[in-house]
Amino acid sequence: MAKTITIAFLHGGILPAEVTGKDEVKVKPHEPVSVPESYGNQLINDRFAVLAKPIAKEKSQAKQSTAPAGTSLAELGRLVGEAKAALDSATDENRAEMQVAFDEAKANLQAAKEK
């Protein structure tokens, strides 16, 4: 089996059937996806994607909040604001990372509101 890496498309993308081994797959912007290393490096070098954190093995891990237990709604709201400000001032090199941090902060706030 070929070595794989995890990437995230900056503006979304399509993985061809040759890469997936099945059907063509549409990928949303900043969604981590595992691809063969040579293909992923080509997309990164062409600036269509960035290297991303590996995908969690279990979905239950992905659903868990990354905010410490007992964090107040006000604190979570402040973290969302800080993440938004960082995203607004992000450069091309770190924009995907800042988008992921902003999305996580919003998800943490939403999860806290639902409790």
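1. A contact here means heavy atoms within 4.5 Å. On that basis, residues 24 or more positions apart make up 56% of the protein's contacts with a separation of 6 or more. Keep in mind that this is a predicted model.

2. For orientation, the protein has five helices and five strands. If you walk along the sequence, they turn up in the pattern β-β-α-β-β-α-β-α-α-α.

3. Now the sheet. Three strands build an open sheet, ordered S4-S1-S5, with antiparallel pairing. Strand S4 (32-36) and strand S5 (49-51) are the edge strands, each pairing on one side only. From one strand to the next, the twist averages 45°.

4. The S1 and S5 pairing is worth a look in the viewer. Strand S1 covers residues 4-9, and its antiparallel pairing with S5 runs over three bridges.

5. A word on burial and surface. The protein has 115 residues, and 26% of them count as buried; the cut-off for that label is under 20% relative accessible area.

Notes:
Residues numbered from 1 in each chain as written. Predicted model: local features only at pLDDT ≥ 70, side-chain atom pairs only at ≥ 80, totals over all residues. Heavy atoms only, no water. Helix = DSSP H or I, 4+ residues; strand = E, 2+ residues; numbered from the N terminus. Buried < 20%, exposed > 50% of the residue type's maximum accessible area, 1.4 Å probe, protein only. Pairing = 2+ DSSP bridges. Axes fitted to C-alpha atoms, helices over the stretch in contact; angles between N-to-C directions.
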